[in-house]
Amino acid sequence: MFERFFRRSPSEFQLQVNPTGAPITAAAKDSLLLTALQNGIAFPHNCRVGGCGECKCRLVSGKVKELTDKTYLLSAEELQQNYILACQSQPRSDVVIEVKLREQATAHPVTETRGRITGSRALTHDILHLSIETEQALPHSAGQYVDIALPAAAGGTGKEVRSYSFARAPVGATPTLLDFWIRKVPGGAFTEWLFAQDRTGESLSLIGPHGSFALRPDVGPIVCIAGGSGLAPIQAILEQAIRDKQAMRPLVIVMGARTQADVYGLDAIDQIRRAWSGRFHFEAILSAEPEGSSWQGKRGLVNEHLPALLGERMAEHSAYLCGPPAMIDACVSALQNGGVAATRIHFDKFLDRSNTPALR
């Protein structure tokens with residue numbers, strides 16, 4: 001009876017992330033991923049909602065509450081070895097996990113800062129190029145994203161956030177000028193507010209960077225697949241590859257869109273083409289272009305065309321995919337059926353507001 005007064009609160013446990021080894025306090029209501037990130041651990045992650053599998057780690061000891069099904073993201077071997085998704089696991093005892101951490105050179109501290117909208121420009125009827133200048137520098141890597149708090153004018157309370165990928169590779173070590181390509185979500189509080197009128201001059205709160213989507217130092221050809229506003233991180237990682245003089249590998253960029261009116265970013269793609277020293281090919285594929293239109297390109301779904309686009313060397317490709325979940329799932333299946341190893345497939349699913357976690 002006396003002992004219970006000296007026990008740690010049942011709402012807090014110890015989390016040890018190997019190879020760091022130092023125990024940290026983990027709240028029972030927080031995911032293992034959130035706890036690690038709040039303590040400055042360079043934990044690999046992207047979506048934070050159980051959609052990408054980047055935060056998979058091995059549960060060495062302890063008990064966790066798993067918030068969603070993990071079997072569709074983890075292999076049979078990983079399940080047998082007790083792998084879990086850190087973003088979907090809450091501690092229910094002291095926990096020890098093992099994970100391959102991100103390289104510290106690419107790990108940037110999460111920063112909260114205010115930013116002012118300096119301009120917006122329509123790219124399509126439902127994608128906006130938004131420029132923001134921040135009060136404090138927001139160092140990040142190409143391919144990462146930032147959380148933007150829903151402003152009070154749009155009904156926000158300061159805790160609701162929307163996540164958006166940086167659309168350009170960072171300029172300099174202390175960037176304050178940021179670009180985003182934002183798709184309008186019907187009924188979405190933030191985008192309905194943003195698209196209603198010119199919001200230049202409005203102030204926003206930004207928190208980031210997050211995510212570990214990046215071009216890996218592999219060999220062999222590259223295929224980049226983008227749908228919706230997913231071209232933003234694709235453009236960023238390719239710009240970074242050019243700056244790093246890593247643009248020698250053959251490159252195929254595929255954009256999936258509904259109609260010609262939904263195709264955008266062609267000037268940026270052409271700039272990449274002119275700077276890319278390796279073989280380059282771009283293809284836009286339209287799924288709902290009216291019959292009899294002037295479109296001379298490919299029609300249908302992106303996954304249907306991948307075998308012909310990538311040819312006999314399909315299995316040698318490293319793949320980078322960004323966009324809506326249905327497109328990514330279909331393309332991942334097509335790539336794997338074509339022999340591309342799962343370890344060479346990297347993706348960032350653009351989930352809607354119903355899947356976006358709130359700030360704590």
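Pro19 sits in the loop between β1 (12-18) and β2 (24-27). In this predicted model, a cis peptide bond joins Asn18 to Pro19, with omega about 20 degrees. A cis peptide bond also joins Gly208 and Pro209; here omega is about 10 degrees. Pro209 belongs to strand β13 (residues 203-210).

For Asn82, a residue other than glycine, phi is near 70 degrees. Asn82 occupies the loop between α2 (76-80) and β5 (83-85). Its relative accessible area is 34%, so Asn82 is partly exposed. Lys245, likewise not a glycine, has a phi of about 55 degrees. The loop between α4 (231-243) and β15 (251-257) holds Lys245. Lys245 counts as exposed because its relative accessibility is 65%, and the exposed class begins over 50%.

Side chains of opposite charge can pair when their charged atoms come close. Across the whole structure, 12 salt bridges are found.

Glu283 and Lys298 form a salt bridge through their side chains, at 3.5 Å from N to O. This pair links distant parts of the chain. Glu283 is in strand β16 (residues 280-286), and Lys298 is in strand β17 (residues 298-299), 15 residues apart. The relative accessible area of Glu283 is 13%. Glu283 is therefore buried, as the limit for that class is under 20%. Lys298, in contrast, is partly exposed, with a relative accessible area of 28%.

Within helix α5 (residues 266-275), Arg273 and Asp270 lie 3 residues apart, about one turn of the helix. Their side chains form a salt bridge, and the closest N and O atoms are 2.7 Å apart. Arg273 is partly exposed at a relative accessible area of 40%. Asp270 is partly exposed too, with a value of 28%. A network of salt bridges links Asp270, Arg273 and Arg274.

Lys184 and Glu192 form another salt bridge, in which the closest N and O atoms are 3.7 Å apart. That separation qualifies because the cut-off is within 4 Å. Glu192 has a relative accessible area of 33% and is partly exposed. Lys184 is also partly exposed, at 28% relative accessibility.

Methods:
Residues are numbered from 1 along each chain as its sequence is written. This is a predicted model: local features need pLDDT of at least 70, side-chain atom pairs count only at pLDDT 80 or more; totals for chains, interfaces and linings use all residues. Side-chain values use heavy atoms; hydrogens and water are left out. Buried means under 20% relative accessible area, exposed over 50%, partly exposed in between (1.4 Å probe, protein chains only). Helices (H or I, at least four residues) and strands (E, at least two) are DSSP runs, numbered from the N terminus.
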